[in-house]
Amino acid sequence: MSASLSLDQARRIALAAQGLNKGRPAGPVTSRTVGRTFAQIQLVQIDSVNVLSRSHYLPFFSRLGNYDRAILQRMSSNHPRRMVEYWAHEASYIRPEHYQDLVLWQKRAWVGAARMDPVLRNAVSNKVLETLARSRPMTASEITAKIGHVEERQSVNWGWNWNSVKRVLEHLFEEGLVSAASRTDQFERKYALTERVLPHVTAGTGSIDPAEALQRLTEAAAHAHGIGSVRCFADYFRTPVKATAQSVEYLVRQGRLEPVTVAGWGREVYRHAEAVLPRRAMGRALLSPFDSLVFERRRLEELFGFHYRIEIYTPEPKRRYGYYVLPFLLGDRIVARVDLKADRTAGRLLARSAFGEPDAPPDTAVELAAELFLMAEWLGLQEVEVQPVGDLAAGLARAVARG
């Protein structure tokens with residue numbers, strides 16, 4: 001008979017697995033601390049939106065508070081690398097040990113050159129690989145110039161208006177032949193041969209058993225979740241649901257996962273063997289729209305009763321809460337949401353709207369104000385300004401004014 005858990009217990013397990021169940025470190029945040037956090041959550045999603053901060057920086061702030069973002073830059077560009085880019089939940093920084101397993105299971109052919117004329121694709125691929133074999137890491141535009149590639153751009157072009165070189169680079173990236181050595185200040189990838197970025201994968205993936213690879217990815221996802229369904233685990237690295245279900249069955253037989261029953265969670269749920277159930281959850285965090293705790297929206301609603309949709313791509317008149325809205329976690333509940341923008345020119349962190357949840361505790365505005373001050377300090381901003389939009393805005397403005 002499977003163990004029975006309350007929804008409160010399941011929430012605390014999930015928060016502990018994600019490193020969000022307790023307060024931030026008291027002292028300076030070291031590279032070792034950041035590395036431990038990354039090992040715990042397994043990946044951070046990358047997104048180009050920079051209205052507040054690049055998305056991969058935010059999960060570490062949520063868990064660690066004021067830390068030096070240069071630590072992540074070193075982790076993703078220095079040897080030996082502790083994080084590397086690849087497709088996972090979406091474009092992500094992942095742990096290097098997952099790289100070959102993901103190359104086997106990630107199929108994002110639509111991103112690159114799969115639809116290109118094969119003759120053109122092969123010709124450009126050969127030139128790109130030859131160039132990278134004898135050159136430093138380069139951006140797509142630098143490689144285009146280096147190989148002398150010229151093409152007539154159409155007024156309506158494919159995808160993100162990429163030229164053939166960029167499309168081929170993304171194709172080679174998806175195949176695991178080319179990787180991102182670093183990023184420019186404009187957040188462009190600097191490409192290099194994978195053997196130079198991750199020397200240990202030069203042998204390729206031919207010797208890796210796909211079933212074992214998926215078992216490793218599934219267990220990593222389950223470890224990062226603490227508790228969840230097959231769909232939760234599959235969503236973490238975006239692996240196929242049916243194949244992930246087979247991996248879950250294997251991990252149950254191996255004693256790595258335990259079937260459990262969670263009151264109010266109406267589907268089969270599994271708890272990782274190493275998942276911790278803390279007596280209390282005492283964390284406080286603003287969560288990125290791309291935070292791994294909120295990846296799977298159905299899970300978020302089932303666990304926390306919090307309905308969340310990112311509205312970046314929604315036309316402004318149709319937005320309900322704002323453009324870049326961060327959920328606010330307090331204890332074991334998500335109690336509010338706030339639309340944030342870093343006004344770097346004026347040195348202000350703008351709360352463009354603030355909404356409380358129906359069961360938000362009385363101290364929500366005060367706790368959120370403290371979190372906003374901490375975020376402003378981390379971002380190097382001098383002020384916090386609250387605009388009068390949302391049912392929590394007035395209380396938050398008063399709390400900010402009191403400092």
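1. Overall size. The C-alpha trace spans about 65 × 60 × 40 Å along its principal axes.

2. Basis of this note. The model is predicted: local features need pLDDT of at least 70, side-chain atom pairs count only at pLDDT 80 or more, and totals for chains, interfaces and linings use all residues. Residues are numbered from 1 along each chain as its sequence is written, and side-chain values use heavy atoms, with hydrogens and water left out.

3. Of the 403 residues, 56% count as buried (under 20% relative accessible area; exposed is over 50%, partly exposed in between, with a 1.4 Å probe and protein chains only). Among contacts (heavy atoms within 4.5 Å) between residues at least 6 apart in sequence, 67% join residues at least 24 apart.

4. Secondary structure. The protein chain has 15 helices and 14 strands. These are DSSP runs numbered from the N terminus: helices are H or I with at least four residues, strands are E with at least two.

5. The open sheet. Four strands make up an open sheet with mixed pairing, in the order β1-β8-β9-β7. Two strands pair if DSSP finds at least two bridges between them. At the edges are β1 (3-5) and β7 (227-228), each pairing on one side only. β7 runs antiparallel to β9 (residues 269-272) and is joined to β9 by two bridges; here Ile 227 is opposite Arg 271.

6. The helix over this sheet. Helix α1 (residues 7-17) lies across β1, β7, β8 (257-262) and β9, at about 90° to β1. Axes are lines fitted to C-alpha atoms, for helices over the stretch in contact, and angles run from 0 to 180 degrees between N-to-C directions.

7. Strand β12. What covers residues 333-343? Nine of the eleven residues of this strand, β12, are buried, which leaves the strand mostly covered. β12 pairs antiparallel with β11 (residues 325-330) over six bridges, and Leu 326 has Val 338 as its bridge partner in β12. β12 also pairs antiparallel with β13 (residues 348-356), over eight bridges, with Asp 339 opposite Ser 353.

8. The two turns. The β11-β12 hairpin has two residues between its strands, and Gly 331 in the turn has a positive phi of about 70°. The β12-β13 hairpin has four residues between its strands, and Gly 347 in that turn has a positive phi of about 70°.
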